[in-house]
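Please examine the sequence and the model below.

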Amino acid sequence: MDNWQVITALIIFGGVIFLVITEWIHMTIAALLGALLLVIFNIMSLPQAITYIGKSHGTLSLFFGVMVMVRAFEPTKVFEYLAAQIVIFAKGKGSRLLLGIVGAVTPICAFLPNATTVMLIAPLIPPMAKIVGVDFVPLLILLVFVANSAGLLTIVGDPATYIVGSAINLSFSDYLVRLSLGGAIAIGVLVIMLPFLFRKIWLKKLENIEEIVLPQINHPRILLIGVAIAIFVLVFFVIGETLPVPISPATVALLGAVLALLLAHHSKIDSVNHILRDVDWSTLIFFMSIFVLIGGLQKTGVIDSISSVLAVILGKNIALGSIVLIFFVGIISSVVPNIPLVVAMVPLLKEYVVKVGLTGSEVLAPEYAGQFPDAVLPLFYAMMFGATLGGNGTLVGASSNIVAAGIADLHGRRIKFKTFLRYGIPVMIVQLVASAIYVGLRFLV
């Protein structure tokens, strides 16, 4: 690859991140423009760009399917009803509302991908905030923090942990024994920070809670069928890939979307055209463009070259390497969505441990199903924590962040980059420090 192409790919990627941070133009336009510039400058062809998008078809299909399902059931007013019930359960107190969000989202995100959970729960936030009389943007940001942090509780809770765990052949039970405590610590850190991060909401108290009027649920019979569809989807999210004929979460989400569209069309509660029109296409296009931009860095060799740098700097010092990786990957993950980041970093880290002689070259084979030496595992654990918790740092750090921003747009508000940054940087720093201490004490002492 020519040097000018490497430099151009870096400049384009850096330019997109700069535009997203400064908010000079909408982040979707910035990302799409950057992806097109890679094609215009012949760094990759249009078919190659589409191939990079295709490699992430599972993520895109999952998001699209859940978006359609959520939108299809909006006419029933179920989200407004549940939001009012939550406020009543919290007795109108902001502190209980914040803790309730943490308590409700944490167990869900232990078993469902965090972006999926955000898509399911986020529609409750704006009406809930309206009842209490607070801004819904901080509540959406909290939802994202909980979803990202709780994703560390199990190997399936976050796409990043699943990608890394699969790469080192880590089982579900092994993950629970070795790493789930780290996820619990991340949630605990967040709970401790709630009164300081969201002070205004924490102190909020709604008077005359008994005067809240519960919204009327429309089309109750249709909603019951919709609940059955949602339960079907959730169950197969968990067990689908363990069936004799595996069914991926993306396929389940698309099937759920089709059933929801069929139900809405047949019952005439809404039209297919209206539902598809209101899908958050902006978020989907942003993800497609980011996958192409990361593909440009891969194609030009930028990402691969980092393994050589790691080998030179770290040598065989696993303890130092693990701590450095937590913060290094965490910082990168705060400006690069963690899904494409870990996809690129996993082979890089495998090459590193082979180059320094910590394991044999057989681990580089895609079909390798053996166990990695215990000595190198802290490096991969560190990448899990860094990639997942680093996503809390900025608006573009994780898929769930982008999903929340899209939902805010649909409700007439923008989550500004600097607004998210004000909450995200303190959370990211404290959580990364806590996870570094955990990894150090648990695996390196």
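In which helix does V430 lie? The model is a predicted one, and in it V430 belongs to helix α23. V430 is partly exposed, because its relative accessible area is 36%, a value in between the limits of 20% for buried and 50% for exposed. V430 is also one member of a nonpolar patch on the surface, together with F327, I331, I429, V433, I437, L441 and V445. The accessible area of these residues together is about 750 Å². At least two residues of the patch come from each of α19 (318-333) and α23 (417-444), and α23 provides the largest share, with 5 residues.

The discussion now turns to open space. The second largest pocket holds about 810 Å³. Its lining consists of 34 residues, and those nearest the centre are F79, L82, L120, I121 and L124. The helices α4 (57-72), α5 (78-89), α6 (94-109), α7 (114-121), α8 (125-132) and α14 (220-239) each contribute at least two residues to this lining. Of the contributors, α14 gives the most, namely 9 residues. What is the make-up of the lining by class? The second largest pocket is lined by 31 nonpolar, 2 polar and 1 charged residues.

The largest cavity contains about 110 Å³ of space, and its lining includes V20, E23, H26, M27, A405, D409 and R414. By class, 7 nonpolar, 1 polar and 3 charged residues line the largest cavity.

The second largest cavity has a volume of about 40 Å³. H26, M27, T28, S282, T283, F286, I402, A405, G406 and D409 form its lining. Two or more of the lining residues are given by each of α2 (27-40), α17 (281-299) and α22 (399-410), with α22 supplying the largest share, 4 residues. The lining of the second largest cavity comprises 4 nonpolar, 5 polar and 1 charged residues.

Which charged pairs link separate parts of the chain? The structure has 5 salt bridges in total. One of them joins D270 to R71, with the closest N and O atoms 2.9 Å apart. D270 sits in the loop between α15 (249-267) and α16 (272-277), whereas R71 sits in helix α4, so the pair ties together parts that are 199 residues apart in sequence. Both D270 and R71 are buried.

A further salt bridge pairs D135 with R413, at 2.8 Å between the closest N and O atoms. This pair also links distant parts of the chain, 278 residues apart: D135 lies in the loop between α8 and α9 (136-150), and R413 in the loop between α22 and α23. D135 counts as partly exposed because its relative accessibility is 32%, and R413 counts as partly exposed at 35%.

R277 and D278 form another salt bridge, the closest N and O atoms being 3.3 Å apart. R277 counts as exposed, at 54% relative accessibility, whereas D278 counts as partly exposed, at 27%. Through shared partners, salt bridges join R71, E74, D270, R277 and D278 into one network.

Conventions:
Residues numbered from 1 in each chain as written. Predicted model: local features only at pLDDT ≥ 70, side-chain atom pairs only at ≥ 80, totals over all residues. Heavy atoms only, no water. Patch = residues over 30% accessible without salt bridge, like charges linked within 9 Å, V, L, I, M, F, W, Y side chains within 5 Å. Areas by Shrake-Rupley, 256 points an atom, 1.4 Å probe, with all protein chains shown as cover. Salt bridge = Lys/Arg side-chain N within 4 Å of Asp/Glu carboxyl O. Buried < 20%, exposed > 50% of the residue type's maximum accessible area, 1.4 Å probe, protein only. 1 Å grid on protein atoms, 1.4 Å probe; cavity = no way out; pocket = protein on both sides within 12 Å on 5 of 7 lines; lining within 4 Å. Points joined across faces, edges and corners; volume = space filled by probe spheres on them. Nonpolar A, V, L, I, M, F, W, Y, C, P; charged D, E, K, R; others polar.
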